[in-house]
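Biologist: I would like to learn how to read a model like this one, feature by feature. Where do we begin?

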Amino acid sequence: MLSWGAAGGRALRWANGRAGTRGLRASPRARVAMPSWVIDRYGSNEVLRFTREMMFPIIHFPNEVIIKVHAASLNPIDLSMRSGYGATALNMKRDPLKLKAGETEFPLTLGRDVSGVVMECGLGVSYFKPGDEVWAAIPPWKQGTLSEFVVASGNEVSFKPKSLSHTEAAALPYVGLTAWSALNQVGGLNQSNCSGKRILILGASGGVGTFAVQLMKAWDAHVTAVCSHDASTLVKKLGADDVIDYKSGNLEDQLKTLPLFDFILDNVGGSTEKWALDLLKKWSGATYVTLVTPFLINMDKLGVADGMLQTGVTVGSKTLKHLLKGVHYRWAFFMPSGPSLDEIAELVDSGKIQPVIDEVFSFSEVPEAFLKLEGGHARGKTVINVISRQ
C-alpha cells in the first residue's frame with residue numbers, strides 16, 4: 001500500500017518533474033463543442049437533455065488535465081443534484097466571490113465518476129501525460145462526467161487500476177473516496193489498527209457499503225453488515241462475517257443480541273441514529289460516523305450564513321451529547337483525493353477490492369440509467385459506457 005511517502009513523491013514529481021517541458025496542447029482548440037447530457041433547470045428525469053453543443057472544457061489552471069471519458073457512473077448525489085439539492089452551497093463553491101453575477105450554473109453536467117484517458121495537461125502537470133489511463137471522482141461543484149471530455153485537477157486524478165477495464169473502474173472512485181473519508185480520514189481507521197475490531201455497516205449493499213465491507217476486511221476487521229435478505233449473498237461474498245436482514249424483524253433488537261461494536265458506519269440515517277450509538281463500546285474510543293447529514297439541506301432552506309450556523313450548532317451539540325456518554329459522534333463527506341485513489345488502486349490490483357456493478361448502460365441510455373437508480377434497491381453501481389466496447 002502506498003505510504004504518505006508515496007503521496008509525497010507524487011507532490012515532489014509535480015514540483016520538480018517535467019512541469020516546465022509540457023504546457024497546453026494545441027489540439028483541443030480545434031474542438032469547440034462536444035456531446036454531453038445536461039440539465040437546464042432542476043427537476044425530475046425530464047430535465048435531462050442530450051446536446052452535441054456543450055462547450056469543450058478548457059484548462060484554466062496549471063495543475064489541470066483534460067480526460068477523455070470512456071466510462072462514468074451514477075451515484076445518489078446525481079439524483080439529488082438533478083432535483084436541486086445542495087444548489088445554494090454548490091453555487092457558493094463555484095463562485096465564492098460572486099464575480100459572475102447574473103450567470104447561472106446551467107447548462108449543468110451531472111456525473112461524478114470517470115475512467116478514461118488523459119488528453120491534455122496544464123503547465124504544472126508532470127505526474128501525468130497524454131495517453132495515461134486514469135480514474136477520478138470529480139467534486140460536485142464542477143461540471144460532471146456525462147460528457148465526452150471532462151476537466152479535473154491533477155490532485156483529484158489517479159492512474160486507473162491495471163486489473164480493471166474502464167467500465168469496471170468507473171464504478172469505484174466516488175463511493176470509494178466517500179467510504180475512505182468516513183472510515184480513514186474521519187474515523188481514524190487504517191491497516192495497522194483494524195485487526196480484530198468489530199465494525200457495523202448499516203446499508204451494506206449500496207455502492208459505499210459494498211466498498212466499505214471490502215476495505216474493512218482488507219484491513220482485517222470483523223464486519224457485521226446490515227442489508228436486505230436478497231443482498232445477503234452478495235455481501236457475504238464480499239467478506240462480511242455476519243449479515244443481518246433488516247426486514248426479518250426489529251433491527252435494533254437483532255443487533256442488541258450481538259457483542260458491542262468499535263465502529264459504526266451509517267449509510268442509512270433517519271431513525272437509526274436514535275439507537276445505533278447504544279451499540280458501541282463505551283469509553284473505549286468507539287466511533288459512530290454517519291454520511292447522512294443536514295448540511296446542504298440547511299443551506300438550501302436557511303441560506304448560507306444561517307444554514308452553516310444551524311449545522312454547526314447541530315453537530316456540536318450531538319458531538320458533546322455523545323461524548324459525555326463515552327462514544328464519538330462524527331459526520332463524514334465525500335473528499336476528492338488522487339493520493340487516496342492511489343491507495344485504493346493498489347488494493348484493487350492486489351485483489352482485495354473489486355467493483356460491484358448492478359447494471360451497465362450506453363451513453364444514449366442516460367435517462368434510463370437515472371430511472372434505474374431512482375428505483376432504489378441497487379446492488380452496486382449503475383455504470384455508463386460513454387465509449388462503447390469497454
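Biologist: How many disulfides does the count come to?

Modeller: This is a predicted model, and a disulfide is a pair of cysteine sulfur atoms within 2.5 Å. By this rule the count is zero.

Biologist: Is Cys121 buried or exposed?

Modeller: Buried means under 20% relative accessible area. Cys121 counts as buried because its relative accessibility is 0%. Cys194 has a relative accessible area of 0%, so Cys194 is buried too.

Biologist: Which domains does the assignment give for the protein chain?

Modeller: It gives domain 1 (33-172 + 354-385) and domain 2 (187-331). Taken over C-alpha atoms, the centres of domain 1 and domain 2 are 28 Å apart. Domain 1 puts 14 residues into the contact, and domain 2 puts in 16 residues.

Biologist: Which residues does Val213 touch, not counting residues up to four places away in sequence?

Modeller: With those left out, Val213 touches Ile201, Ala204, Val223, Ala225, Val235, Leu238, Gly239 and Ala240.

Biologist: Let us turn to a strand. How many residues of β16 are buried?

Modeller: Strand β16 covers residues 381-385, and five of its five residues are buried. To read a strand, look at which way its residues point. Lys381, Val383 and Asn385 point one way from β16, while Thr382 and Ile384 point the other way.

Biologist: Which strands are joined to β16 by bridges?

Modeller: They include β3 (residues 64-74), which runs antiparallel to β16 and is joined to it by four bridges. Ala72 has Ile384 of β16 as its bridge partner. Strand β15 (residues 357-362) runs parallel to β16, with five bridges between them. Phe361 stands opposite Ile384 in β16.

Biologist: Which unit do β15, helix α13 and β16 make?

Modeller: With helix α13 (residues 366-374), β15 and β16 form a right-handed β-α-β unit.

Key: Residues numbered from 1 in each chain as written. Predicted model: local features only at pLDDT ≥ 70, side-chain atom pairs only at ≥ 80, totals over all residues. Heavy atoms only, no water. Contact = heavy atoms within 4.5 Å. Buried < 20%, exposed > 50% of the residue type's maximum accessible area, 1.4 Å probe, protein only. Helix = DSSP H or I, 4+ residues; strand = E, 2+ residues; numbered from the N terminus. Pairing = 2+ DSSP bridges. Right-handed = clockwise from strand over helix to strand, strands pointing away. Domains from an automatic or database assignment.
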